[in-house]
Amino acid sequence: MVTENLPRVPLRIAIGLAAMLLLANCAESPSTNVVEPAQTGPTEITLPRGDIVEEAQLRTKLAMLSPTVRVDEAERLALCAYKTSRRLAREYRVVFPPALNNILINTGGRKRGLCYQWTEDLLHQLDALKLETLELHWGEAFARTFSENNGVVVTAKGQPFARGIVLDAWRYQGRLYWGPVRKDPEGYPWKENKAQYDRVFQTKAAEQTASSVNRG
């Protein structure tokens with residue numbers, strides 16, 4: 001057999017590596033609901049100089065998605081995305097690299113900060129802008145694998161998902177990554193997940209209804 005020529009790995013090392021892969025997984029557990037959303041209140045965030053330059057570039061790219069995109073919406077979305085990403089990093093108390101942060105979350109050292117949680121919290125903040133010429137989507141890559149990643153994809157209203165720009169706050173733990181869906185430098189094959197998008201907002205609506213009933 002071919003395996004006879006492969007080096008033997010001690011069982012304890014193999015188990016350790018498997019455990020690290022499992023704990024570093026960014027995917028949502030099938031039994032996990034959207035819980036303990038980050039506190040995304042009016043905390044003042046001052047963007048680093050690099051973010052200011054990149055935010056200006058993002059607003060330009062958003063405005064270029066289509067002649068129908070309003071410049072003011074592109075500006076508000078870009079600024080919100082950058083400030084929300086930095087604020088979430090503070091609230092999640094993130095560490096780098098992302099895989100280490102995932103291990104802390106999966107072992108109870110942190111409450112939030114997996115890739116789908118970054119996406120949920122960022123998506124809620126962008127949705128609150130009440131955009132009319134830009135549209136938000138849930139993007140995922142390598143779904144249900146150890147390499148899974150999630151992000152918000154922005155398109156012009158009515159534009160195909162594949163022509164959008166992906167916003168990934170998890171990749172650099174709060175320093176927002178953005179780029180064309182079709183040309184991800186790390187090879188993420190982004191696909192739209194409409195069901196997850198709907199699920200996130202259905203969960204939020206249910207939580208708001210329950211909160212309203214409890215206050216009553």
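Let's start with helix α2, residues 49-63: its 15 residues reach 22 Å from the first C-alpha to the last, close to the 21 Å expected at 1.5 Å a residue. Which of its residues are buried? They are D51, E54, E55, L58 and L62. Looking down the axis of α2, you'll find these buried residues within an arc of 110 degrees, so they line one face of the helix. As for what they pack against, the buried residues of α2 meet α3 (71-92) along with the strands β1 (134-141), β2 (149-156), β3 (165-168) and β4 (177-180).

Before going on, keep in mind that this is a predicted model. The pLDDT averages 83 over the chain, and 75% of the residues score at least 70. Residues 1-22 stay under 50, and the model gives them five contacts beyond four places in sequence. Residues 29-41 are also below 50 in pLDDT, with 21 contacts beyond near neighbours in sequence.

Now for β3, one of the strands that α2 packs against. I165 and L167 point one way from this strand, V166 and D168 point the other way, and all are buried. In a regular strand, side chains alternate between the two faces of the sheet. β3 pairs antiparallel with β2 over three bridges, and it is joined to β4, again antiparallel, by four.

R171 and D184 form a salt bridge, their closest N and O atoms 2.7 Å apart. R171 sits in the loop between β3 and β4, and D184 in the loop between β4 and β5 (191-192), so the pair ties together parts that are 13 residues apart in sequence. R171 counts as buried at 4% relative accessibility, and D184 is buried too, at 10%.

Elsewhere, salt bridges that share partners join R70, D72, E73 and E132 into one network. Within it, the side chains of R70 and D72 meet at 3.0 Å, N to O. Buried or partly exposed, which is R70? With 32% relative accessibility, R70 counts as partly exposed, and D72 is partly exposed at 33%. R112 and E120 make another salt bridge, with closest N and O atoms 3.2 Å apart, and both of these residues are buried. Over the whole structure, a search finds 12 salt bridges.

Key. Residues are numbered from 1 along each chain as its sequence is written. This is a predicted model: local features need pLDDT of at least 70, side-chain atom pairs count only at pLDDT 80 or more; totals for chains, interfaces and linings use all residues. Side-chain values use heavy atoms; hydrogens and water are left out. Helices (H or I, at least four residues) and strands (E, at least two) are DSSP runs, numbered from the N terminus. The expected span of a helix is 1.5 Å times one less than its number of residues. Buried means under 20% relative accessible area, exposed over 50%, partly exposed in between (1.4 Å probe, protein chains only). The arc is that of the directions from the helix axis to the C-beta atoms. Contact means heavy atoms within 4.5 Å. pLDDT is the predictor's confidence in each residue, from 0 to 100. Two strands pair if DSSP finds at least two bridges between them. A salt bridge is a side-chain nitrogen of Lys or Arg within 4 Å of a carboxyl oxygen of Asp or Glu.
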